[in-house]
Amino acid sequence: MPVPTSSTRFPREPERPPAQQITVEVDDQYLLMHMIQGTELGAFIENEIHPSVAAVQKLVRELSAVDYSLVIARSEETPAAAARLLALVKDSSEFGAARQETLELRTEVDSEWRQNAARSTALMREVTGFEFGQDTYRVFVTHPSMRNGAYFGNQEIAWGGMNEWPNYRTVYLWHEILHDEKWLGTGELNHAVLELVADNELRVRLNGGEYPPWEGHPSLTPIRERILPQWREYLASPGKDLRAFLAKVSDQEGKT
Ligand SMILES: [Zn+2]
């Protein structure tokens, strides 16, 4: 009779690191302010002002030209002016329609994140060595016709309607998360490394393909190109530590 070995016992479930959590929210005042400030066609994905946003802009101009101007001016009086305008329009059909469209975007972003959270967190942990998933980022979505994507600080992110390829929102929400000071912050070299991690490596791991061709800010392409050989070495090495990689390339960039 064979002696039972430890392998015949039920193996313990390996501990799964937590998936990165986000909450996707619509803040009415920020939504209204962002729509009012969409005065350039370039603020819109289709390069034309969406009718729902145009209707809100027209309404607020009619109701208070002064507060409209204060919101456009992006001064310290802007938040108070936006709050007064919100009080005037929040029950209007114009704002209601734009808000409803934004709530639909909220659902889409939320469901894409949920679908990819466990897998993308594991990939991001592997590529960076960072302990993601210990906290929650708040994502404030704005009208789906508009471009938006920014890290506000304090684990708060702004996000709009861009969705250019599969898993686009997953990749770019990770981009914004990496802008948190506790990960990579906002320096130029760090931003280039951030784009290697998210816009390029994470994208390719989720969708296949290769880089270059690059995703990311064109102004950072020269740095990405310069550090690409070290980046390839880093990716091939075991036990990755992105801070050590940064220290190495920052040294090298300092000498060029
Ligand atoms: Zn960025």
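Start by selecting helix α6, residues 168-178: 10 of its 11 residues are buried, so this helix is largely enclosed by the rest of the structure. Keep in mind as you look around that you are viewing a predicted model.

**Stop 1: inside α6**

With α6 still selected, show its side chains. The buried residues are R169, T170, V171, Y172, L173, W174, H175, E176, I177 and L178. Which elements surround them? Color these in turn: the buried residues of α6 pack against the strands β1 (21-25), β2 (136-141), β3 (149-153) and β4 (156-159), and also against the helices α5 (93-128) and α7 (188-207).

**Stop 2: where α1 crosses α4**

Next, select residues 28-36, which form helix α1, together with residues 78-89, which form helix α4. At what angle do these two helices pack? The angle is about 100 degrees, and the axes lie 9 Å apart. Angles of 65 to 115 degrees count as roughly perpendicular, so α1 is roughly perpendicular to α4.

Now zoom in on the contact itself. On the α1 side, pick D28, Q29, L32 and M33; their partners on α4 are T78, A82, A83, L85, L86 and V89. If you color this contact by residue class, you will find 7 nonpolar, 2 polar and 1 charged residues.

**Stop 3: two loop residues with positive phi**

Go to N47, in the loop between α1 and α2 (51-63). Its phi is positive, about 55 degrees, although N47 is not a glycine. Is N47 buried or exposed? A residue counts as exposed if 12 or fewer other C-beta atoms lie within 10 Å of its own; N47 has 9, so it is exposed.

Then move to R74, which sits in the loop between α3 (65-73) and α4. R74 is not a glycine either, yet it has a positive phi of about 50 degrees. With 10 C-beta neighbours inside 10 Å, R74 also counts as exposed.

**Stop 4**

Finish with the backbone of residues Y211, P212 and P213. Most peptide bonds are trans. The bond from Y211 to P212, however, is cis, with omega near -10 degrees. Step along to the bond joining P212 and P213, and you meet another cis peptide bond, with omega about 10 degrees. Where do these prolines lie? P212 is in the loop between α7 and α8 (221-236), and P213 is found in the loop between α7 and α8 as well.

Note on methods
Residues are numbered from 1 along each chain as its sequence is written. This is a predicted model: local features need pLDDT of at least 70, side-chain atom pairs count only at pLDDT 80 or more; totals for chains, interfaces and linings use all residues. Axes are lines fitted to C-alpha atoms, for helices over the stretch in contact, and angles run from 0 to 180 degrees between N-to-C directions. Helices (H or I, at least four residues) and strands (E, at least two) are DSSP runs, numbered from the N terminus. Angles under 35 degrees count as roughly parallel, over 145 as roughly antiparallel, 65 to 115 as roughly perpendicular and the rest as oblique. Two residues are in contact if their C-beta atoms, placed from the backbone, lie within 7 Å. Ala, Val, Leu, Ile, Met, Phe, Trp, Tyr, Cys and Pro count as nonpolar, Asp, Glu, Lys and Arg as charged, and the others, Gly among them, as polar. A residue is buried if 20 or more other C-beta atoms lie within 10 Å of its own, exposed if 12 or fewer, and partly exposed in between; C-beta atoms are placed from the backbone.
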